[in-house]
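Dear colleague,

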Amino acid sequence: MEKLNREQALALLKKYNKEAFHLRHALTVEGVMKHYAATHGYEEDAEFWGIVGLLHDIDFENWPDQHCAKAPELLAEIDAPESLVHAVVSHGYGICSEVEPEHEMEKFLFASDELTGLIWSYSLMRPSKSYKDMEVKSLKKKFKDKKFAAGCDRDIIRRGAEQLGWELDQLMTETLVAMAATEDDINAQCAEFED
Ligand SMILES: [Fe+2]
């Protein structure tokens with residue numbers, strides 16, 4: 001278990017990320033990562049997995065052209081351990097980084113990052129605006145509909161599932177469960193910077 005605490009991580013996130021969309025994404029991936037840690041035998045590391053999720057896009061808002069390349073320098077400000085830096089950089093594997101996800105934590109990050117974006121986009125067009133009553137079956141239809149949330153790269157999501165050795169179905173089901181479980185908490189945290 002690493003020494004870094006969540007308060008420091010959140011302060012760094014807010015220093016480099018001001019847009020509500022990016023903050024919500026960071027908190028969402030934090031929630032999903034914590035949930036994955038807790039449900040896949042890494043209970044003791046759940047806080048750390050969460051911090052990895054919270055900080056994975058730390059450089060994206062200000063340095064979109066240096067995504068994953070700028071991150072190590074920013075993470076050094078809080079003396080982030082190598083395991084955190086490696087995980088953050090590896091989430092761009094094959095996109096903006098050549099560092100491959102190795103640890104299971106890194107594979108979960110890679111697999112869920114893009115998918116949370118797709119699930120979030122879909123939630124916005126549903127009457128409830130919630131993940132809690134979203135069905136995997138309907139989500140799969142949106143996944144197949146190339147016109148829907150065209151910015152969410154389906155190949156990255158597929159690749160993420162493969163790296164975990166999972167079927168896409170399992171990845172969607174578990175990520176949706178994780179997002180539903182953390183939804184209220186994240187909405188409460190987002191109320192502070194969203195109108
Ligand atoms: Fe992300």
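I start with a charge beside a ring: Lys142 lies over the face of Phe148, at 5.2 Å from the ring centre, where a charge counts as sitting over a ring if NZ of Lys or CZ of Arg is within 6 Å of the ring centre and within 35 degrees of the ring normal. Arg126 is likewise placed over the face of Tyr122, with 5.6 Å to the ring centre.

Before you read further, please keep in mind that this is a predicted model, in which local features need pLDDT of at least 70 and side-chain atom pairs count only at pLDDT 80 or more, while totals for chains, interfaces and linings use all residues. Residues are numbered from 1 along each chain as its sequence is written, and side-chain values use heavy atoms, with hydrogens and water left out.

The structure holds eight aromatic pairs, meaning rings of Phe, Tyr and Trp (its six-membered ring) whose centres lie within 6.5 Å, with planes under 30 degrees apart counted as stacked, over 60 as edge-to-face and the rest as tilted. Tyr36 and Phe108 are stacked, because their ring centres are 4.4 Å apart and their planes stand at 25 degrees. Since Tyr36 belongs to helix 2 (residues 20-39) and Phe108 to helix 6 (residues 104-124), this pair ties together parts that are 72 residues apart in sequence; helices here are DSSP runs of H or I with at least four residues, numbered from the N terminus. Both Tyr36 and Phe108 are buried, that is, under 20% relative accessible area, whereas exposed is over 50% and partly exposed in between (1.4 Å probe, protein chains only).

Phe108 also forms a tilted pair with Trp49, at 5.7 Å centre to centre and 45 degrees between the planes. Trp49 sits in helix 3 (residues 46-55), 59 residues from Phe108 in helix 6, and Trp49 is buried too. Tyr36, Tyr42, Trp49, Phe108 and Trp166 form one aromatic cluster.

Which residues hold the iron ion? Its protein donors are His25 (NE2), His56 (NE2), Asp57 (OD) and Asp113 (OD), at 2.1 to 2.2 Å, where donors are N, O and S atoms within 2.8 Å of the metal (3.2 Å for Na, K and Ca), and sites may look incomplete because water is not among the atoms. Along the chain, these donors follow the spacing H-x30-H-D-x55-D. Asp57 lies in the loop between helix 3 and helix 4 (71-76), and Asp113, 56 residues away, in helix 6. Asp57 is buried, with a relative accessible area of 17%, and Asp113 is buried at 11%.

With kind regards

Conventions: Helix = DSSP H or I, 4+ residues; strand = E, 2+ residues; numbered from the N terminus.
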